[in-house]
Amino acid sequence: MKPELLIIGKITPRMAAAFDTAFICHHHEEITDIDSFISGAGKAVQAIATTGHDGVPAPILTGLPDLKIISCYGVGYDAIDVSAAAKRGILVTHTPNVLNDEVATTSIMLLMACYRQLFVNYEYILSGDWVKKGEAPLTRTIDGLSVGILGYGRIGQTIARKLEAFNCRISYHARTERSDSPHRYYGDLTEMAGDVQALIVITPGGAATKHLVNKEVLEALGPQGCLVNVARGSVVDEAALVTAIQQGTLGYAGLDVFEKEPQVPEALFNLPNVVLTPHIGSATVETRQAMGDLTVDNLVQFFEKGTVLTPVPECQHLIK
Ligand code: NAP
Ligand code: 8YV
């Protein structure tokens, strides 16, 4: 008998095919009455596959009596109540490392798009300004830039390595200093923001990092400074960010994530110094294939061997 799996959120055709081979699949989007599902077919569900965006709604997490494992398609799992899952002995897995390069590259793309005014220059051609006014205004370089990285884990360190190719001067802030790092550590985020030209945010989301980037940090970054957020919208005080951009106390913002996705404050639209992307940090065919494979492999291995490849740290103790 194949184990039963509930699929929450959008998955790739490759993942769907792999799930269909190994599991009896239920699709959350096709369930019209969740209470009837929980008291009926849901009783046999032993596994959930979900995304970093969708997480697991509380009634499902608490309501499925035989749930054993949740496999998250994404490294960030702030949308899943991991402590509630761990208390019930439910293992949660995620997809670390396979997306480090992609997300790091996305952050540098946003940094470059801000500094080299990519969309302003594109518009310069479309509007006919190049013909009418001649050469476009000069922009700023990222070569040799002083960059602070907030969150110096798998992705943060990958960003640092990639920025070394641009001769950037790199510092970082996290709760723990890394003795093996060649980069300057700041114990105080506002102090680092005051010393750098650009700040790239790449911590996890959730309560512990909520609004770490606040009005003071944005002011310290200053009118020439650039904020890039590829972490979670919750890490930045979005209202303070909008005000800082409107008042010119912050120079540029490159944003992939937002506090109330998919809602993006309209005050940030059509500004020459703001670049917006819809949470596409890892969203390439290649990287999503690797993430999808890991999401599937964690589930398949769990039911074949009782082990998984990439548990979240809070569930490490549940591995046999
Ligand atoms: P990771 O390896 O766990 O690194 C997280 C880093 O954040 C660590 O350096 C950690 O250091 C630091 N940190 C955690 N809490 C902090 C706090 N309160 N104050 C300061 N620093 C703190 O995670 P990762 O694999 O690099 O991924 C990071 C996050 O990126 C994910 O959780 C996800 O939210 C986000 N992400 C976004 C996208 C996207 O599409 N935009 C894609 C992938 C990931 P300490 O523990 O020493 O503080
Ligand atoms: C994805 C992400 O957008 O991995 C993460 O934490 O934010 C992204 O890679 C998402 O998780 C895909 O569901």
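Start with the shell around ligand 1. By class, that shell has 13 nonpolar, ten polar and four charged residues. Here Ala, Val, Leu, Ile, Met, Phe, Trp, Tyr, Cys and Pro count as nonpolar, Asp, Glu, Lys and Arg as charged, and the others, Gly among them, as polar. This is a predicted model: local features need pLDDT of at least 70 and side-chain atom pairs pLDDT 80 or more, while totals for chains, interfaces and linings use all residues. Residues are numbered from 1 along each chain as its sequence is written, chains are lettered from A and ligands numbered from 1 in written order, and side-chain values use heavy atoms, with hydrogens and water left out.

**Stop 1: ligand 1**

Select the 27 residues around ligand 1. A residue is near if one of its heavy atoms lies within 4 Å. Tyr152, Arg154, Ile155, Arg175 and Thr176 come nearest.

Now show polar contacts (pairs of N or O atoms within 3.5 Å; within protein, one must be able to donate a hydrogen and the other to accept it, and residues adjacent in sequence count only if both atoms are side-chain atoms). A polar backbone atom of Arg154 sits 2.9 Å from an oxygen atom of ligand 1. For Ile155, a polar backbone atom is also 2.9 Å from an oxygen atom of the ligand. At Ala208, a polar backbone atom is 3.4 Å from a nitrogen atom of ligand 1. Taken alone, ligand 1 exposes 930 Å², and the protein buries 87% of that (Shrake-Rupley method, 1.4 Å probe; for residues, only the protein chains shown count as cover).

**Stop 2: ligand 2**

Pick out the ligand's oxygen contacts. A backbone N or O atom of Gly76 lies 2.8 Å from an oxygen atom of ligand 2. For Gly52, the backbone distance to a ligand oxygen is 3.3 Å. Arg232 uses its side chain: an N or O atom there is 2.8 Å from an oxygen of ligand 2. Alone, ligand 2 exposes 330 Å², of which the protein buries 93%.

**Stop 3: the second largest pocket**

Hide the ligands. The second largest pocket holds about 210 Å³ of space. Of its 14 lining residues, Phe119, Asn270, Leu271, Val274 and Val275 are closest to the centre. Colour α5 (100-115), α6 (118-126) and β12 (274-276): these elements give two or more residues to the lining. By class, the lining has twelve nonpolar, two polar and no charged residues. A pocket is an open set of points on a 1 Å grid over the protein atoms alone, where a 1.4 Å probe fits, with protein on both sides within 12 Å along at least five of seven lines; lining residues have an atom within 4 Å of a point. Points join across faces, edges and corners, and volume is the space filled by probe spheres set on them. Helices (H or I, at least four residues) and strands (E, at least two) are DSSP runs, numbered from the N terminus.
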